[in-house]
Amino acid sequence: MATRDTGALSSAIGRRFHTPPAPSVVAFAQSRHPITFSHIAADVALPAPTLAPPVEDAFAVHVHHSPLTKGGHLWKEGHRRPMPPVPIGGVFIFDLRREPVALTLEPFQFSRFHISRDSIDELASEQGIARPGTLREAMAERDPVLAYLAGALLERMRYFGPEIDSLFADGVALSFFAHISRRYAGVTQAPIRGGALASWQAKRLSDWANENLDG
């Protein structure tokens, strides 16, 4: 769900997971293809399966902050499969074209990154690397790097609340992209040209400089 409205995003994610509104952050808000981050938690098991997300060419990356020892159930395109036990730092990657739905059997706490195919292609172009293929499926795979990135955004939200257009969130989102493109899409090619700011990034930098000339 690519939206720049953190309130609408928080409410929509909360409804989907049968929880209160999920605190959310938007990175690259000036881009046509932002990356969003939400924190979803419940102190009870889900009362029903999650609602299916909108079908789109995008990925949801879930990073769990607490274990799920009982596992649960997953559905993709209507086909059910068991969810394995999930460790702290366990990661799921869902292709949102496959209408993923889940049911957990105990309380849960995880962070959710949403990144569209357009976001992936745009960032690859800006970094001068080959466009990644599809992200491979991850099923409760432990990933300390994503756990640290998600934890950093979560702690930032605890200090400052949900944010939009934050340089901190943008930096974490770039690290998130660099990591998933290599670990889950197999991109190993080094940049083929010097880095350059996208036009929206250059405008942000120019605006910031103009506002702070006296400093």
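How do the residues of the lining of the largest cavity divide into nonpolar, polar and charged?

Author: Happy to! A word on the source: this is a predicted model, in which local features need pLDDT of at least 70 and side-chain atom pairs count only at pLDDT 80 or more, while totals for chains, interfaces and linings use all residues. Residues are numbered from 1 along each chain as its sequence is written, and side-chain values use heavy atoms, leaving out hydrogens and water.

Now to your question: the lining of the largest cavity has 15 nonpolar, 4 polar and 2 charged residues. Here Ala, Val, Leu, Ile, Met, Phe, Trp, Tyr, Cys and Pro count as nonpolar, Asp, Glu, Lys and Arg as charged, and the others, Gly among them, as polar. A cavity is a set of points on a 1 Å grid over the protein atoms alone where a 1.4 Å probe fits but cannot get out, and its lining residues have an atom within 4 Å of a point.

The largest cavity holds about 240 Å³ of space, a volume being the space filled by probe spheres set on the grid points, which are joined across faces, edges and corners. Of its 21 lining residues, Phe17, Thr50, His62, Phe94 and Ala102 lie nearest the centre. Strands E3 (58-64), E6 (90-95), E7 (101-104) and E8 each give two or more residues to this lining; strands (E, at least two residues) and helices (H or I, at least four) are DSSP runs numbered from the N terminus.

Buried means under 20% relative accessible area, using a 1.4 Å probe and protein chains only. Among the buried residues of H1 (residues 6-16) are Leu9, Ala12 and Ile13. Just after H1, His18 takes a positive phi of about 60°.

How values were computed. Buried means under 20% relative accessible area, exposed over 50%, partly exposed in between (1.4 Å probe, protein chains only). On a 1 Å grid over the protein atoms alone, a cavity is a set of points where a 1.4 Å probe fits but cannot get out, and a pocket is an open set with protein on both sides within 12 Å along at least five of seven lines; lining residues have an atom within 4 Å of a point.
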